[in-house]
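Take a look at the sequence and the structure below.

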Amino acid sequence: MIITLSVIKADIGGYVGHSSSHPRVLERAKECIEPALASGLLIDYHITRCGDDLELIMTHQEGEESERIHKLAWDTFIECTQVARELKLHGVGQDLLSDTFSGNVKGMGPGVAEMEIDERAAETIIIFMADKTAAGGWNLPLYKMFADPFNTIGLVIASNMHSGFSFEVHDVKESKRITFDAPEEIYDMLVFIGAPGRYAVKAVYHRETKEIAAVSSTQRLSLIAGRYVGKDDPVCIVRSQGQFPAVGEVLEPFATPHLVQGWMRGSHHGPLMPVPFHQANPSRFDGPPRVIAAGFQLSSGKLVGPRDMFDDPAFDPARRQANEMADFMRRHGPFEPHRLPLEDMEYTTMPHVMKKLEERFVAI
Ligand code: F6R
Ligand code: MG
Ligand code: MG
């Protein structure tokens, strides 16, 4: 059975500040999506949130980039923005960069990750959702899952994974893409994906079968809007088990937190902390950045789940370590490498300050 899984998300207003979402916004989203289930447009849906981001998880048979599905998501965000406005939540309609829908939400602010798949006998899916970070944040975990045998032993000892995976990498500044084959081209690939502010892994494919293995949202809102509108707070869908990494191999990269761009004012490096759903409320210095993992089994497109995959004491050390990393980074205050390099900051007073002081700069 051919199924499309669409995850479309937007920050349409935060509660309190940018830390979390208001329950009434989620209720409104359910009311907006429910009729699409009754009409048969959707097979199933699940609505959740990570921090201040509203996440619409939908299954259907309309294919990727379907106008009907994207319009449903867009209309839902508009309706939810209305609730956010009534409650005077913070940053109302933050990610909706346009007044009118033009066929596809891409480039309009919301983040999108979609995959059309031929549902397997057992279709295990993990959906990662992050807040206070950008799409490049998935580069390191996706590399570990699909190219690093120290993370994924299946690459070595499972015959259906042994020929490796290919990575589609996007240059988010120049809107170009390239595909690398792992393991042969990992050194070339790492030159690019090791610079996650510019190059983001968009998708991963199983090389033998060409099947889609993972897909992420790579929107960079600041580049779309040309001004600060928040980090993209990306999502990533990963297929698991069988010819794909096992659930434990998919989750393992998050057991050792890495530094990502985002956090306060989208202008800092900080650890990506894996948390259970109820802890996805970044509050300390508006962070540190969070990631949640929703696990599902698909059953003819029905979303059986979610299971809260980071709700496991085995991830307690990662959370503790992320807090220690956060303390260490915070000690730097306004200094790099806690603060992002000038060109990557989402907020900057530099042009203004520079203009004011221009004449005081003298040649040395
Ligand atoms: C980062 C983020 C927050 C805000 C900060 C200031 O992605 O959402 O750290 O940048 O709270 O928010 P404003 O400018 O809305 O007052
Ligand atoms: Mg926000
Ligand atoms: Mg957010």
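A residue counts as buried when its relative accessible area is under 20%, as exposed when this is over 50%, and as partly exposed in between; the probe is 1.4 Å and only protein chains are considered. Histidine 22 is buried, because its relative accessible area is 15%.

Some ground rules come next. This is a predicted model, where local features need pLDDT of at least 70 and side-chain atom pairs count only at pLDDT 80 or more, while totals for chains, interfaces and linings use all residues. Residues are numbered from 1 along each chain as its sequence is written, chains are lettered from A and ligands numbered from 1 in the order in which they are written, and side-chain values use heavy atoms, with hydrogens and water left out.

Back to histidine 22. It sits in the loop between strand S1 (2-10) and helix H1 (23-38). Helices (H or I, at least four residues) and strands (E, at least two) are DSSP runs, numbered from the N terminus. The side chain of histidine 22 reaches the backbone nitrogen of arginine 24 at 3.0 Å. Leaving out residues up to four places away in sequence, histidine 22 touches Tyr15, Leu87 and Leu89. Here, contact means heavy atoms within 4.5 Å.

Now turn to ligand 1. Ten residues surround ligand 1, and the closest are His18, His90, Arg265, Asp286 and Tyr347. To be near, a residue must have a heavy atom within 4 Å of the molecule. One is 2.5 Å from an N or O atom in the side chain of aspartate 286. For the side chain of histidine 90, such a distance is 2.7 Å. For histidine 18, it is 2.8 Å. The protein covers 78% of the 410 Å² of accessible area that ligand 1 has on its own. These areas come from the Shrake-Rupley method with a 1.4 Å probe.

Finally, look at strand S14, residues 290-299. Eight of its ten residues are buried. Which strands pair with S14? Two strands pair if DSSP finds at least two bridges between them. Strand S5 (residues 123-131) runs antiparallel to S14, with nine bridges. Phenylalanine 128 stands opposite alanine 293 in S14. Strand S13 (residues 273-274) pairs with S14 in the parallel sense over two bridges. Strand S15 (residues 302-308) is antiparallel to S14 and joined by five bridges. S14 and S15 form a hairpin with two residues between them. In that turn, serine 300 has a positive phi of about 50°.

Conventions: A polar contact is a pair of N or O atoms within 3.5 Å; within protein, one must be able to donate a hydrogen and the other to accept it, and residues adjacent in sequence count only if both atoms are side-chain atoms.
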